[in-house]
Amino acid sequence: MTRHIWISAVLISLALATGGYFIGNIQVNGKKYDRYVTVKGLSEREVAADLAVWPINIILTGNDLQELRQRIERQNKTVNAFFTQQGFGPEEITRGPVNINDAQANLYGSGPGTPPYRYLAKSEFTVRTSDVPKLQKALTASLELLSGGIVMGSKNEWQPIEYIFTGLNELKPEMIEEATKNAREVAEKFARDSNSEVGQIRVARQGLFSISNRDVNTPQVKKVRVVTTIDFQLED
């Protein structure tokens with residue numbers, strides 16, 4: 001009986017020792033896993049816009065509706081011919097609707113401030129092209145239309161021409177790699193200061209890509225930017 005008690009006591013002691021080892025090991029590993037640093041990595045690129053959209057309004061005024069319609073047709077043909085001469089194809093030019101406002105239809109339009117014309121017509125064109133330099137050249141040359149009596153302006157005064165960059169997907173892999181490399185360099189600097197070494201990536205969070213104008217004066221040049229947030233393990 002005494003022998004059985006002694007054997008049971010030995011087995012229980014071994015079980016407690018083994019359990020204590022695994023519990024202690026889990027705690028050590030847990031503390032080791034908790035040693036990490038969170039850093040941010042940045043990647044930026046300056047790229048040229050590869051798409052330009054120019055929404056145009058042609059404005060005319062008059063008192064005779066039939067005469068105004070004829071003038072609209074003549075000016076639309078002139079504007080279309082101008083862009084054709086500048087090298088734009090039919091697929092790059094879209095003719096929009098013609099909107100005519102009747103000042104006499106406005107109940108508050110009578111009085112000393114009443115305009116000398118009855119009708120105000122706006123004819124719309126949209127030029128959309130991937131040849132950005134060609135559009136910029138046409139913008140300069142469009143002053144010729146003004147000398148011909150055609151009042152032409154951008155439909156969007158706050159952004160006369162919209163410049164767009166469509167090649168983001170081609171840049172993404174390279175920029176993510178660069179941002180990750182930049183984040184590791186920051187982590188390594190932190191590790192050196194704390195007498196540690198940078199280990200594997202614990203968690204990586206990719207930020208959103210942003211595309212903005214380089215500045216207000218050169219909207220045709222875009223700045224592409226991404227920031228990644230990465231947790232690196234720290235090792236002794």
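A salt bridge is a side-chain nitrogen of Lys or Arg within 4 Å of a carboxyl oxygen of Asp or Glu. E178 and R45 meet that rule, with their closest N and O atoms 2.5 Å apart. The model is predicted. By this rule the count comes to 12 salt bridges.

**Overall build**
- The chain has five helices and nine strands.
- From the N terminus on, the elements run α-β-β-α-β-β-α-α-β-β-α-β-β-β.
- Of the 236 residues, 31% are buried.
- Among contacts with a separation of 6 or more, 79% involve residues 24 or more positions apart.
- The chain exposes about 15600 Å², and carbon and sulfur atoms supply 54% of it.

- E174 is partly exposed, at 47% relative accessible area.
- E178 lies in helix α5 too, so its pairing with R45 ties together parts 133 residues apart in sequence.
- E178 is partly exposed, at 33%.
- Shared partners join R45, E174 and E178 into one network.

**The E44 pair**
- E44 forms a salt bridge with R225, with the closest N and O atoms 3.0 Å apart.
- E44 sits in strand β1 (residues 36-48) and R225 in strand β9 (residues 221-235), so the pair ties together parts 181 residues apart in sequence.
- E44 is partly exposed at 37% relative accessibility, and R225 is partly exposed at 36%.

**A buried residue**
- N76 is in helix α2 (residues 65-85).
- N76 has a relative accessible area of 2%, so it counts as buried.
- Leaving aside residues up to four places away in sequence, N76 touches I58, R95, V98, S123 and F125.

Notes: Residues are numbered from 1 along each chain as its sequence is written. This is a predicted model: local features need pLDDT of at least 70, side-chain atom pairs count only at pLDDT 80 or more; totals for chains, interfaces and linings use all residues. Side-chain values use heavy atoms; hydrogens and water are left out. Helices (H or I, at least four residues) and strands (E, at least two) are DSSP runs, numbered from the N terminus. Buried means under 20% relative accessible area, exposed over 50%, partly exposed in between (1.4 Å probe, protein chains only). Contact means heavy atoms within 4.5 Å. Accessible areas come from the Shrake-Rupley method with a 1.4 Å probe; for residues, only the protein chains shown count as cover.
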